[in-house]
Structure formats: structure tokens, C-alpha cells
Amino acid sequence: MNAQQIMDLLFLMDTKADYSNTVDTFKSGYAQKEVQKVGVAMFGTYKVIKEAAEWGAELLVVHEPIYYHHRDLTEHLQNNPVYLEKLRLIEESGDTLELFADSREDEASLVKRFGALGRGSYANRREGTADGGIEARLL
């Protein structure tokens with residue numbers, strides 16, 4: 001299953017949100033990338049992005065904007081060293097990053113949804129690991 005297919009299913013499962021004018025889009029990477037592991041977090045901090053990459057996640061889904069602005073506008077950050085370092089890490093990791101801000105789900109509920117996709121199981125790092133299918137981890 002690729003990143004776009006995963007996100008399409010998550011959007012369909014979320015009947016509470018209005019996605020007609022959504023900010024929920026891929027922020028980096030490739031929508032067609034095959035995914036076995038998904039990291040889920042509230043914030044796409046440097047630490048979370050690094051942990052997702054080290055864990056081997058191909059897709060990282062976060063609730064808050066990656067670049068500190070609701071629509072992830074970055075023109076004002078072009079000389080900001082924190083932004084530049086975060087951007088470098090994202091590009092080096094090769095991960096696909098998706099903003100899922102319009103959802104009304106909390107992160108733990110979103111992780112559990114991956115089990116509902118019928119593609120495998122989920123794991124919370126505090127509960128151990130999951131086997132088979134798409135593995136999701138709360139970071």
C-alpha cells in the first residue's frame with residue numbers, strides 16, 4: 001500500500017472533519033512510496049522526525065504543521081537555522097511527511113485506525129511491537 005492510498009483511507013474513515021479546504025497534504029517525499037511502517041505524532045519536531053527515520057518509518061503523519069505555520073508557508077524561514085536543519089533532516093531521511101491537522105482524532109486513536117484498515121496491526125512504543133501488515137507507532 002502506498003502513502004497516498006493510506007491517507008485516502010484515513011480521510012474516508014474520518015467523518016467528523018471537513019476536508020473541502022484542507023491543509024492536510026504531503027509536505028515532503030512521495031505519495032506513491034510503498035509503506036510498511038507509519039509513525040504518528042502530534043508534532044513533527046526534529047526529534048520525532050529523527051526517531052521515525054531511525055525506526056524505519058516510510059510515512060510520518062503529524063497533526064501540527066511541520067514548519068510552524070498553519071499552511072506550512074516557509075518563505076519567512078529561508079534564513080532560519082532551525083528550519084534549515086529540520087529541512088535537511090527531512091530530505092536526508094527520505095520519509096514522506098503528511099500533515100493530518102483537520103482530523104478530530106487524537107494521535108493514539110489515529111494509530112489504532114491503522115489496525116482498522118485491515119492491513120495489519122499497530123504498536124505504541126510503550127506497548128511493544130506489532131507484526132505483519134502496516135505497522136504504526138506513536139512517536
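Which residues have the most contacts inside the largest nonpolar core? In this predicted model they are I49, L60, V62, I66, Y67, I90 and L97, within a core of 15 residues. A nonpolar core here is a set of buried Ala, Val, Leu, Ile, Met, Phe, Trp, Tyr and Cys residues joined through side-chain atoms within 4.5 Å; buried means under 20% relative accessible area with a 1.4 Å probe, protein chains only. Helix 2 (46-55), strand 3 (59-62) and helix 3 (81-93) each give two or more residues to this core, and helix 2 provides the largest share, four residues. A second, separate core has 10 residues, among them A3, L10, V40 and F100.

These elements belong to a chain with four helices and six strands, in the order α-β-β-α-β-α-β-α-β-β from the N terminus. Helices (H or I, at least four residues) and strands (E, at least two) are DSSP runs, numbered from the N terminus. Of the 139 residues, 46% are buried.

The loop between helix 2 and strand 3 holds E58. The E58 side chain instead reaches the backbone nitrogen of Q36 at 2.9 Å.

Residues are numbered from 1 along each chain as its sequence is written. Local features need pLDDT of at least 70 and side-chain atom pairs 80 or more, while totals for chains, interfaces and linings use all residues; side-chain values use heavy atoms, without hydrogens and water.

Notes
Buried means under 20% relative accessible area, exposed over 50%, partly exposed in between (1.4 Å probe, protein chains only). A polar contact is a pair of N or O atoms within 3.5 Å; within protein, one must be able to donate a hydrogen and the other to accept it, and residues adjacent in sequence count only if both atoms are side-chain atoms.
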